[in-house]
Amino acid sequence: MRKYISTGLPMLAALLMAQLPSVAHAASANPAYTVTPYVLPDGVKLEASGLALLPDGRLAVSVRKGEIWILEHPEADPTDAKAVGYRLYASGLHEPLGLLWHDGALYTVQRSELTKIRDTDGDGVADEYLAVAKGWGVSGNYHEYAYGPVLDREGNFWITLNASMGGPVKLAGHRMQEKHWRGWAVSVSPDGKLSPMSAGLRSPCGIAVNGEGDVFCTDQQGNWWSTNPLLHLRKGAFFGHADSLPDAQLPESPVADPGKLPQGITVVEASRQVKGFALPAVWFPYVKAGQSPTGLVCDLTGGKFGPFEKQMFVGEFVLSGVNRVFLEKVGGEYQGAVFRFQDGLQSAALSLAFLKDGSLLVGESNRGWNSQGTRSFGLERIQWTGQTPFEIQKMEAQPDGFRVTFTDEVDPATTSAVGSYQMSSYTYLYHQKYGGDEVETKPVTISRVTLEPGAKSVLLKCEGLREGYVHELVVPGVRSKKGAQLAHAEGYYTLNRIPGK
Amino acid sequence: MLLLRYLTPLAFCLALASKSAAHPGQADPVEYPFVAGFDRFYSAEDDEDHLAQGGMLLLQEFNCTGCHAAPKSWEDRLETRPKVALDGVGSRLSADELWLFIRSPQHRKKGTLMPGLFAGEDRDPKVVEALTVYLSSLKKEPKKFPQGDVERGRQLYHTIGCVACHEPAALTDYKPVEAPPGLDVEKPGLPSVPLLLADKYDFHALAAFLQDPLSIRHAGRMPATELSDQESADVAAYLQLNREPSNTMERTLLALPPQTPEEGRKQFVAQGCTACHDAGKVEPLPRVKPLKDLRVTEGCLSIAKKAGIPDYGMSDLQRRAMLLALKDVQGTTPQPRSTLQTVDAFLMKMNCYACHEWRGTGGLEEPRAQYLTVYEAAAHSLGELGRLPPKLDVAGRKLTDEWFARLLWGTGGGVRSYMTTRMPRFGQDNCVGFLPALKESAKPEKPIAIDTSGLLKHHRSELGRGLMGVGTGGLGCVSCHGLKDRKSLGVPVINLTHTVHRLTPEYFKELLLNPQVTQPGTLMPPLFMGRKKADQEIEQLWTYLKELDQSRLPEGLLQTGDYEIKPEKSDRPVVFRTFLEGAGMQAVTVGSPKGVHAAFDALEMHWAVVWKGRFIDAMTTWEERAMTPAKPLGTLGPALPPRMPLTRLKSASDSWPEACGEAAGYHYVGYRMSKDGTPIFLYEVGGLKVEDTMSPAPKGDGLLRKIKITGASDAVAEGWYFLGVDKTAQPKPVSLTKGTVEFEEYIKF
């Protein structure tokens, strides 16, 4: 009998949803951190799309509707708007989605250009808006968002550009129809030369550098993306979304045209079959680790934000929170694990930045979509109380399993018990369809747990590791020496490579 | 003459082959009577029990019980199929076409369910002729339709859902909008319902049929798609593209003695046509054996063809399936059907599965799905949910009786205006009996209680309105859902105006409490997860929607005019970047408190629009996901020519180049604010740096433009000319003095 299954809308198994109640409770489950919304002055609609810390400690906030605000004392009590001090610095920008302070100026990416903004006469208001670079296609399609910039270690700006959606928009007075470099990451040299770098992006709405100056972006589940990825941007990489490929044939393209793309195979298989295909450094399993990752930032506070130095914190739009990513290099490429970190924010997280005092700011706007946090926009501050949270600090791949390190000393009995751990692995399909389920799920047997000296880490010996697959670890049984449960008992490691293999 | 008879079909075949590359009417048809559900869900590899079910479907779709009475116990499984009306058929098709079709339906329209009655060498020419004359006499002037537009028809045919059942055009003729770019476009794997006679219909008759197919084919297998007069005409025009004259040769050559309609009518009754066709007064059917006495070696199922025995031209597999089914009917009493089987049988029979998935079965095959798209680009964000028909798993507990009636046999009822495809109508008689089973099949495991009285607490409606909106206390429903005539602030999902008429309150609550469990894959966020007062709040929302007519719209949908930018309320010019009509996608608009405005096209690097009065409404730029370009609100000034201000010419009388922007060698630098806040646009060309400013003229009757040009040396500007925007402007040489020169223009309006 032939039964045709339809096109398969993004399906979430009901079992997945069993995880969801934690969304509502997690806000109180992480007592080592406090979350405080900034109370904004009347009429200030801070749809915070980008945050940039100035060298003197002030904070610049780009606003989606085209403004930049300066917060004079962002470390003051967020509930006291006067003490914080809000001042309009720039206006008239076209949907700036990102902000950077560099060399005495603010840089933002508008729809159609990378713009350098300065106050040349010292009156506190910007008076110079210079185009550092432009040249990517803007056809008028709403989906053509542009994000950034960030600076790599050579001093080049990086920008991510959404894929377009739908046909060109007809408009009197508009004669440019080509839409080059949509769905690409591009870099701009200090003298303004635009170079396409990586292709295959869909809606890469967060971009950041890590401690080593490598550039990363998040992307959005949808066509070609079964779930959300964290991508390590580099020259010549193709990440999978097909709309960017016609431009791979242009002479400037560093990405080789992979030709006809396969479909319906796993992403792991696609990475073997498709020329230049680069796997994400981390997959964010859908709903389990967010539904829409946005802005991200690397914790370079030197420990002021708790025991997660050099890790990446990633904004989450729909579920209104922040997730955490640990990265390591295996075989020369980044891979790592994602953990949930903070839920229950007031609105959709869009942009992240650290203040000098080590508190994490979350810029928010749920414009155009919806979020679990019901406020339309805002700014929140997450502060570490100094108390040690009990969390999985990191998860590192080993030739025969994983080393799992906890943030605090553990209870040897529960932590050494094999039964305290469960692991399974799965991957995703590579296809044009919108989203996709976890596929090829298999249990991973943990055959031995070895508690390491110092009682803060264990070695998990695992049978049946699969390269390329997400390895989902759940550790409900582990307790700290003080008897605490883990604030988040799940970690999702993307095992692109097994070390030593 | 003999030669002609052989040549004609050959020539026809050639024409068919060469054109099968374009029009859906000429796609390769199947070679047997086509029943979509059978083709899709049954195959030669099936076990006999399963194939017998396929045979039951065929017994029904071939209308076997129209002639052969079913045993009592099987009657409700083998209902006769509603008939095809023939009144007016003589106005729909020419006598020659009727003749060709009656003579050998499977030859003229491959895939048809109409059996041939005229086997044998001579094909009973007199009978065929008599029937032709009779049917030709059944005239009824079809309703008149406007002239159709082929291009619109092509669009409609491919996007509203026709291609779920019928063949899409070849890719050279129409490319599916949602096909993945850069990949080969897949062709449908399942066969299509043929439309081989469409181009032979009278144009108005075809349009009338497309608009109201159920008035002719009562069975509803071809549903009505709520086409307007114009749309019906457009699709008809498309289907009749490249129509060719009928092949009348054979009938003429037979040169039969004239037959009368009366003789034809007698034959009509004698041949048993009334088993499947309406023809006014009901005639008694010729006596044939009931199903239980049929012998498979005789009659319709025998392999040898005999004159007078209907020949369906069925495939071996169809025949095998029917024999198995017949064995069941003859030898057993029917097994009771479960609710799920009843629903499945209906969805298969009516081919609902062509579009909808139900419990893992059916749904559009991908190569057909790629034709269905959206009217609003922003709906692309919804993925397939935004453009493909929904799954039916929980439809039975989701929709109210009122809404089922609207959707299945009434009018309206669509709530997804962004979707190009339409839910078609299948007729009340065909559908009403199926609804109880559909409802039973979707019964919730745990009943859900919701109080919809609205009486328990005062202000419930207003509280619901608060929840619906954005801002303090709001859940932001209007971020995605529109209400009444207002679009949502963000993605365009289902408009909620008709919620209380459309949805059962229990389903409404179930969905809100746990969207993903109720509708896996929905984009609805779990807004009520962990909310302590979820029960009351959901009831408040319901109450608000119930009282929507008397209530204000929620926050967020109100007061769109608030986004108008009013420079007159400021003491400095306002700069606003947007997509702007007349200035393109990189417009920088400058609004002056004095009410004279200008827009600079930063892509082409010249002034593009000037206007007076009201400035701009930023609503679409700021608040609308689709980001419709803004318009200058006031009165437009003179049209500015799209050309660059400076170029190098051999002489002032040379023609001014048409190239703009970077193509003209220009480089955009940005803008700097003057002391009063007016932006000074900066760009460079050929070693010259330009500062270009528009400010209101002192009297407010237009704009004053100032252009300052500087060069590293006076020689840099040699051969360069400046040309203003005014219609009468003439090129002026750029002569630098101490490296600089200034021009002024007064644009009066």
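Of the 749 residues in chain B, 48% are buried, that is, with 20 or more other C-beta atoms, placed from the backbone, within 10 Å of their own. The model is a predicted one, in which local features need pLDDT of at least 70 and side-chain atom pairs pLDDT 80 or more, while totals for chains, interfaces and linings use all residues. Residues are numbered from 1 along each chain as its sequence is written, and chains are lettered from A in the order in which they are written, with ligands numbered from 1 in that order too.

Chain B has a radius of gyration of 35 Å, whereas a compact globule of 749 residues would have one near 27 Å (taken over C-alpha atoms; the globule rule is 2.2 Å times the number of residues to the power 0.38). Its C-alpha atoms fill a box of roughly 110 × 80 × 45 Å along the principal axes.

Turning to chain A, the domain assignment gives domain 1 (29-165 + 180-244 + 278-384) and domain 2 (392-494), with bounds from an automatic or database assignment.

Beyond four places in sequence, the contacts of Ala337(A) include Val282(A), Met395(A) and Tyr492(A). The C-alpha atoms of Ala337(A) and Met395(A) are 6.5 Å apart, across 58 residues of chain.

Technical notes: Two residues are in contact if their C-beta atoms, placed from the backbone, lie within 7 Å. A residue is buried if 20 or more other C-beta atoms lie within 10 Å of its own, exposed if 12 or fewer, and partly exposed in between; C-beta atoms are placed from the backbone.
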